[in-house]
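Please have the sequence and the 3D view open while reading.

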Amino acid sequence: MAFYHERLHLENIHPDATSFQLKILEKSGFGEQTGIPESLARTPIQNGVSFSTEEASTIMFQVVSNLLKRTDTNPKGIDVLICNSSMFAPTPSLSSMVVSKFRMRSNIKTYNLSGMGCSAGIISVGLARDLLKVNPGSLALIVSTEMLGLNWYTGENKSMLLTNCLFRMGGAAVLMSNRKQDQGITKYELQHLVRTHRGKDDNSYSCVFQDVDDDKKLGVSISKEILHVAGGALKANVATLGPMVLPHSEQLRYLVSLIGRKGSIYVPKFKRAFQHFCIHAGGKAVIQAIQKNLKLNDEDVEPSKMTLYRFGNTSSSSIWYELSYVEAKGKMRKGDHVWQIAFGSGFKCCSAVWKCNQSRVITRDNAWVDDIHLYPVAIPATAKISES
């Protein structure tokens, strides 16, 4: 955060905009190790297409290379490739960049998702699942990331300045299979995937929006209504997911409370269905709101809070950093169920439910392997940043 503060002064940002961003950072729940691309570390900041392409290459090639090496997978064995980045859609596409780098075969099925927000990781999983259903004996590779450099906002609109403060560099690669030979070695089995889209509601549609400000500077605004919008989307998503995963006793209590309506509506105990929760690290307030709404304890949201602190909001890849945290802590056991929750512009709420097929031992390519012993850490409500 100290480096970020230095950048604001070197770029001669308006004092009011600087002060606002520092206040957001102080309450962000971020630590000092979150990453930014090299282009944002330059003076002046470089945010051209070439720099974003370099940023994409740095992230995607590393996570894909690590995954292929650890799973001993030949790139030519990949049948489906799905890349997602909400704000950067170059030509050739991100998926073409991966195909070119790893020399994948010519008949591979490639897809590039953009504009889907932070929920794109789960949306990609859903797309991969559907494609595997009609392509038996196949492998699907998903690459989730976000590019920061091209979308750095230089104006003074506070709702647009938020994106500068909240998003950080990161990415993840996931391999999905429906091959018979992989049944005994897969880490997780996808059991449920629920997508909720609230685009028909005007407040939901516009709460995260790319536009130009009064000075014609491009940025992405985040509305003050986002917590309310996210809460409504989560409620609708849970209403669909609940009957799929909750014990009958919990469903009955919820139904009775709806019929009676003499008091507050009963909130089902989702801990009876899940052992682990991976809530998108979109921000400290988002995590706290979901924790309250689902009546989770601090240990349940520890992976999300620690991911936000260590890596920041890495958009669609954050839920995979959280899953890696649970594994690195040695808490994942065979038969455990994991609930991944992600939100995205539009406005969307997506859930993925996974069942662990084997107890996990931390591997060298785990994002937390070098410093997991330092976590969890106490995160102050406000981390003061000197303006001197």
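Which residue in S9 does histidine 276 stand opposite? Histidine 276 stands opposite valine 338 in that strand. The model is a predicted one.

- Four strands form an open sheet in the order S5-S10-S9-S8, and their pairing is mixed.
- S5 (188–197) and S8 (276–279) are the edge strands; each has a single partner strand, so one side of each is left without a neighbour in the sheet.
- On average, neighbouring strands here are turned by 15° against each other, direction ignored.
- S8 pairs with S9 (residues 337–344) in the parallel sense, over four bridges.
- Helix H5 lies across S5, S9 and S10 (348–356), and its direction is at about 115° to S5.

**The annotated C-terminal domain**

- The unreviewed UniProt entry places "domain: Beta-ketoacyl-[acyl-carrier-protein] synthase III C-terminal" at residues 275–355.
- In the model, the end C-alpha atoms of residues 275–355 are 10 Å apart.
- That span is 40% helix and 25% strand.

**The sheet that holds S1 to S4**

- Another open sheet of four strands runs in the order S2-S1-S3-S4, again with mixed pairing.
- Strands S2 (109–113) and S4 (171–177) are at its edges, where each pairs on one side only.
- Neighbouring strands of this sheet are turned by 15° against each other on average, with direction ignored.
- S1 (residues 80–84) and S3 (residues 139–145) run parallel and are joined by five bridges.
- Within that pairing, isoleucine 82 has isoleucine 142 of S3 as its bridge partner.
- Helix H4 (residues 94–102) lies across S1 and S2, running at about 130° to S1.
- Helix H5 (residues 120–133) also packs on this sheet, where it touches S1, S2, S3 and S4.
- The direction of H5 makes about 165° with that of S1.

**Methionine 116**

- Methionine 116 sits in the loop between S2 and H5.
- Its C-alpha atom is separated by 6.3 Å from that of serine 345, although the two residues are 229 residues apart along the chain.
- Leaving out residues up to four places away in sequence, methionine 116 touches Ser86, Ile123, Arg195, Gly344, Ser345 and Lys348.

**Helix pair H3 and H4**

- Helix H3 (residues 49–70) packs with H4 at an angle of about 55°, and the axes are 10 Å apart.
- The two helices are therefore oblique to each other, and H3 passes H4 in a right-handed crossing.
- From H3, the residues that meet H4 are Thr53, Ala56, Ser57, Met60, Phe61, Val64, Ser65 and Leu68.
- From H4, they are Leu94, Met97, Val98, Lys101 and Phe102.
- By class, this contact has nine nonpolar, three polar and one charged residues.

**Helix pair H2 and H6**

- The axes of H2 (residues 15–26) and H6 (residues 158–166) come within 10 Å and cross at roughly 50°.
- H2 and H6 are therefore oblique to each other, and the crossing is right-handed.
- H2 contributes Ala17, Phe20, Gln21, Ile24 and Leu25 to the contact, while H6 contributes Lys158, Leu161, Leu162, Asn164 and Cys165.
- These residues divide into seven nonpolar, two polar and one charged.

**Helix pair H11 and H12**

- The axes of H11 (residues 302–311) and H12 (residues 318–328) come within 9 Å and cross at roughly 115°.
- That angle makes H11 roughly perpendicular to H12, and their crossing is right-handed.
- On the H11 side, the contact is made by Glu302, Pro303, Ser304, Met306, Thr307 and Phe311.
- On the H12 side, Ser318, Tyr321, Glu322, Tyr325 and Val326 take part.
- Six of the residues in this contact are nonpolar, three are polar and two are charged.

How values were computed. Residues are numbered from 1 along each chain as its sequence is written. This is a predicted model: local features need pLDDT of at least 70, side-chain atom pairs count only at pLDDT 80 or more; totals for chains, interfaces and linings use all residues. Side-chain values use heavy atoms; hydrogens and water are left out. UniProt positions are given in the numbering used here, feature names are shortened, and annotations may be inferred rather than shown by experiment. Two strands pair if DSSP finds at least two bridges between them. Axes are lines fitted to C-alpha atoms, for helices over the stretch in contact, and angles run from 0 to 180 degrees between N-to-C directions. Contact means heavy atoms within 4.5 Å. Angles under 35 degrees count as roughly parallel, over 145 as roughly antiparallel, 65 to 115 as roughly perpendicular and the rest as oblique. A crossing is left-handed if the near helix is turned anticlockwise from the far one by less than a right angle, and right-handed if clockwise. Ala, Val, Leu, Ile, Met, Phe, Trp, Tyr, Cys and Pro count as nonpolar, Asp, Glu, Lys and Arg as charged, and the others, Gly among them, as polar.
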